[in-house]
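Here are some notes for a colleague who is opening this entry for the first time.

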Amino acid sequence: MKKNILNILSVLVLVVVLAFAGTAAAGPVDDAMQKSNEALQKNNPTEALSWTNKALKLAPTSGEIYNVRAEIKYLLKDANGALADLNKAIELNPNLIPAYFNRATLNLQSNNDTVAEQDFNKIIEIADNKALANLEIGRVYSNTPNFNRALPYLNKSIELQESPQAYLVRSIVHLLNKDLAKALTDNDKAVKLDPVFAPSYMQRGLLYYNTNNPAKALVDFNKTVELQSNNPIAYWNRAFTQDKLGNKAAAKTDFAKAVALAPALAQSLPPEYK
């Protein structure tokens with residue numbers, strides 16, 4: 001993969017969500033969790049942890065808040081504390097699917113695959129949407145060294161309900177296996193299934209770019225920009241593609257647009273476009 005274009009292979013992170021506790025103290029609890037969320041948006045997990053601790057004092061039986069605190073502890077590199085909170089969250093709410101996902105993810109990172117698989121099986125057992133559950137488990141595995149373990153889950157998700165998301169994740173697994181033909185086939189299916197789903201064009205554009213087919217990549221990035229005109233990554237990727245095609249003026253325009261939408265990208269501009 002080229003380093004100058006944003007890679008389609010994302011790093012697995014735990015997503016922090018707000019918890020709303022149904023208790024008599026729901027108002028103060030929600031206020032504390034809102035402040036926790038605001039602190040996270042400011043990239044201050046330490047402050048977020050403080051507010052979440054306050055929320056737990058008001059709602060000590062909320063599995064949802066324990067799950068959120070686990071996610072914050074993960075951000076603070078306290079894996080053991082995160083795991084303890086996830087165990088508590090599941091003890092309090094045995095049907096809390098996000099906690100099972102988070103616990104499975106931690107166990108995968110610790111090479112406890114068998115334990116993680118037990119949580120994944122539980123998710124499939126209790127999930128109302130089995131296709132989505134299989135998709136998300138496949139997505140988790142696609143970001144691990146054992147990425148081929150994603151395939152049975154993704155195949156099952158597609159069997160139950162076709163979705164562009166499932167085809168895109170399976171496309172990435174095929175790419176990791178260096179099977180470009182299958183990767184493109186699945187990406188094409190995603191486009192056909194939902195012609196206005198921008199991520200399908202973005203991912204296919206990256207596939208073409210990274211396999212030295214910038215002309216086809218440009219077509220897909222143009223479509224991505226058409227569908228998501230405020231997406232800085234679409235302009236960023238198109239800029240590199242324009243540069244590769246020798247369209248320096250167009251590349252300069254796209255780089256400028258990307259930086260205007262996401263100023264942090266300015267630090268990564270190629271020297272000739274600074």
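1. From the N terminus on, the elements of the chain run α-α-α-α-α-α-α-α-α-α-α-α-α-α, which amounts to 14 helices and 0 strands. Please keep in mind while reading that this is a predicted model.

2. The C-alpha trace spans about 60 × 40 × 30 Å along its principal axes, and of the 274 residues in the chain 48% are buried. Among the contacts with a separation of 6 or more, 50% are made by residues 24 or more positions apart. The chain exposes about 13,700 Å², of which carbon and sulfur atoms supply 53%.

3. Aspartate 113 belongs to helix 6, which covers residues 113–126, and this aspartate counts as buried because its relative accessibility is 16%, where the cut-off is under 20%. Leaving aside residues up to four places away in sequence, aspartate 113 touches Asn107, Leu108, Asn146 and Arg149; with the side chain of arginine 149, the aspartate 113 side chain makes a polar contact at 3.3 Å.

4. Helix 14, residues 248–261, has 14 residues and reaches 20 Å from its first C-alpha to its last, close to the 20 Å expected at 1.5 Å a residue. Its buried residues are Ala251, Asp254, Phe255, Ala258 and Val259; seen down the helix axis they fall within an arc of 135°, so they line one face of helix 14.

5. Those buried residues of helix 14 pack against helix 13 (232–244), whereas the face turned away from the buried side carries the exposed residues Ala249, Lys252, Thr253 and Ala260.

Methods
Residues are numbered from 1 along each chain as its sequence is written. This is a predicted model: local features need pLDDT of at least 70, side-chain atom pairs count only at pLDDT 80 or more; totals for chains, interfaces and linings use all residues. Side-chain values use heavy atoms; hydrogens and water are left out. Helices (H or I, at least four residues) and strands (E, at least two) are DSSP runs, numbered from the N terminus. Buried means under 20% relative accessible area, exposed over 50%, partly exposed in between (1.4 Å probe, protein chains only). A polar contact is a pair of N or O atoms within 3.5 Å; within protein, one must be able to donate a hydrogen and the other to accept it, and residues adjacent in sequence count only if both atoms are side-chain atoms. Contact means heavy atoms within 4.5 Å. The expected span of a helix is 1.5 Å times one less than its number of residues. The arc is that of the directions from the helix axis to the C-beta atoms. Accessible areas come from the Shrake-Rupley method with a 1.4 Å probe; for residues, only the protein chains shown count as cover.
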